Amino acid sequence: PKELRSIEVLLAMARVSLAKFGWGFCPEVQVKQNFDASKFLGSWFERVRVVNTPHENGVCGRTHYEINSEGDFLVTNAEVVDGKWTKVNAKGYCEETEGTCYISFFNSPYATLDILDTDYENIAVTYSCWGLGLFHWSYGWVLARTQDPIDFQHAFEVLEKAYIPSHYLTQVPQKDCPPYQE
């Protein structure tokens, strides 16, 4: 039937257009235990992300987390697209002792952002998943406090445990970035 063919085409397009596609519900992942959100605050550079992550097509990606007056945090994601900085703001909060956080862009419902691993001073591995029951899309990021070269091997192993193999990942260029203006 025509309706079934339309669903097949939609699913095929979804598989190739958005991040890491998978069948079924979002997988359970191991998040950072004894997570300290206050140590996680501050600026991070986006060093690696899942290919074809929606709304992330630029270079020089960076994220800044800061506490707001209500005790939650504000998030600013920025990247360079066509030579100019673009920014998106969000709000969020984290569970008290584990690396499960919730982020809302444009007053949308909160999405889960899992902190899989971090040493707070150098590197962080984050993960998010969006699903509709029959299928899901997984997203992963490797963040670093500097733009200097780093070894991604441990981060790739952490994402592999979250069912994101390294061939789904791409490095985000951090060279020749224009000056960032807050």
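The report below turns to aromatic pairs, then to an aromatic cluster, and then to charged side chains over rings.

The model is a predicted one, and the count of aromatic pairs in it comes to 13. One of them joins Trp-85 and Tyr-180, whose ring centres lie 4.8 Å apart with 80° between the planes, an arrangement that is edge-to-face. This pair links distant parts of the chain, since Trp-85 belongs to strand β5 (residues 84–94) while Tyr-180 lies in the segment after β10 (169–171), 95 residues apart. Trp-85 is partly exposed, its relative accessible area being 22%, and Tyr-180 likewise counts as partly exposed, at 22% relative accessibility.

Another pair is made by Phe-152 and Phe-156, and because their planes stand at 20°, with the centres 5.9 Å apart, this pair is stacked, as planes under 30 degrees apart count as stacked. Phe-152 is buried, with a relative accessible area of 8%.

An aromatic cluster is formed by Phe-35, Phe-40, Trp-44, Tyr-65, Phe-73 and Tyr-120. Tyr-120, a member of that cluster, also has the charged end of Lys-39 over its ring. Tyr-180, the partner of Trp-85 in the edge-to-face pair, has Arg-62 lying over its face. The table sets out these two contacts.

| Charged residue | Ring | Distance from ring centre |
|---|---|---|
| Lys-39 | Tyr-120 | 5.6 Å |
| Arg-62 | Tyr-180 | 4.1 Å |

Note on methods. Residues are numbered from 1 along each chain as its sequence is written. This is a predicted model: local features need pLDDT of at least 70, side-chain atom pairs count only at pLDDT 80 or more; totals for chains, interfaces and linings use all residues. Side-chain values use heavy atoms; hydrogens and water are left out. Rings of Phe, Tyr and Trp (its six-membered ring) pair if their centres lie within 6.5 Å; planes under 30 degrees apart count as stacked, over 60 as edge-to-face and the rest as tilted. Helices (H or I, at least four residues) and strands (E, at least two) are DSSP runs, numbered from the N terminus. Buried means under 20% relative accessible area, exposed over 50%, partly exposed in between (1.4 Å probe, protein chains only). A charge sits over a ring if NZ of Lys or CZ of Arg is within 6 Å of the ring centre and within 35 degrees of the ring normal.
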